[in-house]
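Here's a quick tour of a protein chain, meant to be read with the picture open. Take a moment to turn the model around before you start on the points below.

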Amino acid sequence: MSEIKHVLGISGGKDSAALAIYMSRKHPDIDVEYYTCDTGKELNETYDLINKLNSVLGKNIRLYKSIDELNSPEKNPFDHFLAMYGGYLPSATARWCTGKMKLEPFENEIGNTPTISYVGIRGDENREGYISKKENIQSIFPFRKNIWSEDVVKKFLANSNIDFVKKQYELIAPKGKLEMILQYVEQPISLRFTQKQKVNALLDTDVKLFNKVVFEFLKTTDYPVGKLERFSLIENDEVLGIDDIFKILDDSGVGIPAYYLPLEYEVEINGEIKKGTYSRSRSGCFFCFFQQKIEWVWLLEQHPTLYEKAIDYEKEGYTWTIEPLQELKKPERVNAIKKEHFLRMHKNKTNAKTSTSWQDEILEAEGEGCASCFI
Ligand code: SF4
């Protein structure tokens with residue numbers, strides 16, 4: 001049986017940090033290699049988090065390098081690639097940064113070794129993680145009810161596979177559940193009964209049974225999980241949301257990455273001084289173009305040197321956002337951005353609901369961006 005590698009990428013964000021702790025505590029039987037891909041432009045809080053994790057995990061987090069820094073004139077991954085791209089700043093539509101500094105080093109490091117990659121997408125999120133185009137890399141999502149990636153589910157639930165799935169359930173499902181399960185299994189996927197409905201129906205009936213049958217199916221394929229003799233994740237039916245993530249981080253002593261914590265700001269609205277709070281909603285480079293305007297203001301006020309460094313990159317018509325940072329830092333713009341943010345955060349209050357919390361704000365911002373940098 002070939003050697004299977006288990007890896008978990010730590011972006012510096014809360015979810016991957018919590019997943020690393022979770023895997024080390026709940027699945028110590030799995031020998032996970034924890035790794036990070038440094039862009040050279042992360043916030044200090046991210047480097048602090050990785051240092052704390054090193055001691056909590058009792059293992060060194062490996063650095064998957066994107067360049068040979070000693071032999072690069074820029075001595076830094078982001079600056080190295082920026083020079084290669086002729087000063088062309090990355091953006092949401094031309095995101096060379098993630099590919100060059102996160103995905104390529106990951107795939108180079110893995111090579112052709114069959115590999116299982118654990119990804120910290122939470123049970124309360126509605127997004128798919130990165131699924132490698134390389135067939136030897138399989139993603140698993142331990143925080144979700146459905147731990148399997150979309151490509152696996154598609155093959156497993158294909159109408160042509162119904163007989164196999166039925167036979168496996170017949171072998172292991174208790175009598176009391178089998179009849180109901182077979183109703184779903186035998187019903188082909190169609191416009192009236194979609195793949196999503198089918199997977200949800202089977203998971204709602206019994207998560208562990210579903211996982212066991214998928215595991216048997218994977219043994220008939222080249223997927224890395226199918227090459228394992230046992231896989232403790234198939235006994236897992238926990239679903240973890242954002243509160244669980246914060247609890248894992250708190251309980252472990254690692255704590256919540258400092259940039260998520262709300263800080264107070266003051267803003268004048270109609271002659272009155274109001275107090276709001278701001279923070280960063282995600283990890284990643286300090287100049288990340290996915291930041292919201294209020295996060296740029298947070299950077300300006302909390303890390304003014306980094307803000308100035310971000311300005312230094314804006315040259316010859318290349319800017320991080322539509323509004324150049326020199327404009328955004330003007331007091332009238334800062335006040336306008338805070339005002340808009342304060343009113344948006346407190347809009348719900350006037351609708352007799354509670355105002356938006358900093359956790360809500362993180363949740364709202366999460367839809368955008370990329371799993372490699374922010375999970
Ligand atoms: S954090 Fe933002 S700028 Fe940095 S690599 Fe990721 S997407 Fe690119």
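Predicted model: local features only at pLDDT ≥ 70, side-chain atom pairs only at ≥ 80, totals over all residues.

- Five strands make up an open sheet, and their order is β3-β2-β1-β4-β5 with parallel pairing.
- At the edges you'll find β3 (62–63) and β5, each of which pairs on one side only.
- Strand β2 covers residues 32–36 and runs parallel to β3, with two bridges joining them.
- In general, strands of a sheet pair through backbone hydrogen bonds, and they can do that either parallel or antiparallel.

**A helix across the sheet**
- Helix α1, made of residues 14–26, lies across β1 (5–9), β2 and β4.
- If you compare directions, α1 runs at about 145 degrees to β1.

**The domains**
- The chain splits into three pieces: domain 1 takes 5–148 plus 227–252, domain 2 takes 149–226, and domain 3 takes 260–374.
- Domain 1 and domain 2 have C-alpha centres that lie 29 Å apart.

**Where domain 1 meets domain 2**
- On the domain 1 side, 19 residues are in contact with 18 residues of domain 2.
- Two elements give two or more residues each to that side of domain 1: β4 (115–118) and β5 (137–140).
- Sorted by class, the side of domain 1 that touches domain 2 has eight nonpolar, six charged and five polar residues.

Definitions and conventions: Residues numbered from 1 in each chain as written. Domains from an automatic or database assignment. Contact = placed C-beta atoms within 7 Å. Helix = DSSP H or I, 4+ residues; strand = E, 2+ residues; numbered from the N terminus. Nonpolar A, V, L, I, M, F, W, Y, C, P; charged D, E, K, R; others polar. Pairing = 2+ DSSP bridges. Axes fitted to C-alpha atoms, helices over the stretch in contact; angles between N-to-C directions.
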